[in-house]
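I set out to record what I looked up in this structure, entry by entry.

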Amino acid sequence: MILAMRISQKPVVFSLLRAAMLAAFSAGSLIAEEPRAPERYCNPLPIPNYAVGKLARDVTKGAPNDGGLWLSERKEQYRELADPTALWFERRIGMDPAEFDSAGNLYVPAATSTPQPVAVSAEATPWVPLNDGEPTFGSSSAPNTAGRRAADNSMMTWWLPAADDAQPVLTTSFASTAEIRAVRVIWRDVGLDTRNGAKPGPFRYRVEAETSPGMWATIGDRSASTEDFLIDYRECVPTTAGRARLVVLGHPEGIQPGVSEFTVFGPVR
């Protein structure tokens with residue numbers, strides 16, 4: 001990826017390079033004062049070439065419409081299209097703000113896997129998972145795939161409803177009443193086998209919040225989705241609730257709708 005920008009009114013071109021072989025990552029970066037001018041290596045690298053917690057850096061994205069620069073990261077989430085039994089390495093997509101040091105070098109201060117404020121200010125409140133490790137139950141469960149496995153911050157476990165569950169529902173609780181600001185669903189397309197016709201496709205669902213005991217309000221509606229998002233992150237109107245639930249409404253033909261992670265985000269309590 002090539003980034004062209006001005007630093008102190010001086011044009012600068014960054015070249016961000018990445019290569020990967022399975023779980024091995026290699027990254028590098030060059031800087032020049034104009035396109036095709038002599039380049040020098042950036043030191044330190046803008047994107048660390050190592051895992052940070054469960055995160056590994058990537059360089060494949062740009063920036064939101066805030067005038068700042070953001071670079072993407074990956075947390076393990078990989079989809080093996082031909083042989084689902086080979087699914088062992090997973091990646092999750094995220095983005096972090098990039099900054100410049102005193103020498104004009106581009107760098108990313110830290111890797112995260114939660115929503116980050118676009119504008120960093122004293123008023124900016126981080127959003128954190130509200131249901132991580134909290135009681136989570138499915139309307140049904142296939143063997144060894146209990147609902148709690150969709151709220152354990154692990155990409156290698158998942159909830160899978162029973163095959164005869166006509167409308168699966170996954171309900172998660174919070175430690176206390178909280179304000180919901182966003183929801184992320186990471187699907188596990190169990191049965192995926194492109195060679196035999198079980199191909200990726202859109203998962204259709206609805207997310208509801210329990211605003212008072214027994215009263216559920218829709219905060220996210222993907223019931224008509226035509227988009228194939230294995231990871232689907234959606235912000236919502238701020239809603240105060242004690243629980244949230246994922247209602248599965250549709251899935252690709254030949255696929256069972258597993259849920260690796262159902263995460264509800266809100267301000268720090």
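**Entry: Val-190.** I looked up the contacts of Val-190, leaving out residues up to four places away in sequence, and found that Val-190 touches Trp-158, Leu-160, Gly-254, Ile-255, Gln-256 and Gly-258. Contact here means heavy atoms within 4.5 Å. I noted that Val-190 and Gly-258 are 68 residues apart in sequence, yet 6.1 Å apart in space from C-alpha to C-alpha. Val-190 is found in strand E13.

**Entry: the model and its conventions.** I recorded that this is a predicted model, in which local features need pLDDT of at least 70, side-chain atom pairs count only at pLDDT 80 or more, and totals for chains, interfaces and linings use all residues. Residues are numbered from 1 along each chain as its sequence is written, and side-chain values use heavy atoms, with hydrogens and water left out.

**Entry: Thr-171.** I placed Thr-171 in strand E13, residues 169–190. Strands (E, at least two residues) and helices (H or I, at least four) are DSSP runs numbered from the N terminus. Is Thr-171 buried or exposed? Thr-171 counts as buried because its relative accessibility is 17%. The cut-offs are under 20% relative accessible area for buried and over 50% for exposed, with partly exposed in between (1.4 Å probe, protein chains only). Beyond neighbours within four places in sequence, I found Thr-171 in contact with Pro-135, Thr-136, Phe-137, Trp-216, Arg-243, Ala-244 and Arg-245.

**Entry: strand E17 and its partners.** I looked up strand E17, residues 256–267, and found 11 of its 12 residues buried. Two strands pair if DSSP finds at least two bridges between them. E13 and E17 run antiparallel and are joined by nine bridges. Strand E11, residues 127–129, is also antiparallel to E17, with three bridges. Within these pairings, Trp-127 has Pro-267 in E17 as its bridge partner, and Arg-184 stands opposite Thr-263 in E17.

**Entry: Thr-263.** Thr-263 lies in strand E17. I noted that Thr-263 counts as buried because its relative accessibility is 5%. Not counting residues up to four places away in sequence, Thr-263 touches Pro-129, Asn-131, Ala-182, Val-183 and Arg-184.

**Entry: the largest nonpolar core.** A nonpolar core is a set of buried Ala, Val, Leu, Ile, Met, Phe, Trp, Tyr and Cys residues joined through side-chain atoms within 4.5 Å. Which of the 27 residues in the largest nonpolar core touch the most other members? I found these to be Ile-180, Val-185, Trp-187, Leu-246, Val-259 and Phe-262. E13, E14, E16 and E17 are the elements that give two or more residues to this core. E13 gives the most, with seven residues. I then looked up Val-259, whose contacts beyond four places in sequence include Val-185, Trp-187 and Leu-246.

**Entry: cavities.** A cavity is a set of points on a 1 Å grid over the protein atoms alone where a 1.4 Å probe fits but cannot get out; lining residues have an atom within 4 Å of a point. Grid points are joined across faces, edges and corners, and a volume is the space filled by probe spheres set on the points. I counted three cavities of 30 Å³ or more, and the largest cavity holds about 60 Å³ of space. Its lining consists of Val-183, Tyr-205, Val-207, Ile-219, Gly-220, Arg-234, Glu-235 and Cys-236. E16 supplies the largest share of this lining, three residues.

Notes
On a 1 Å grid over the protein atoms alone, a cavity is a set of points where a 1.4 Å probe fits but cannot get out, and a pocket is an open set with protein on both sides within 12 Å along at least five of seven lines; lining residues have an atom within 4 Å of a point.
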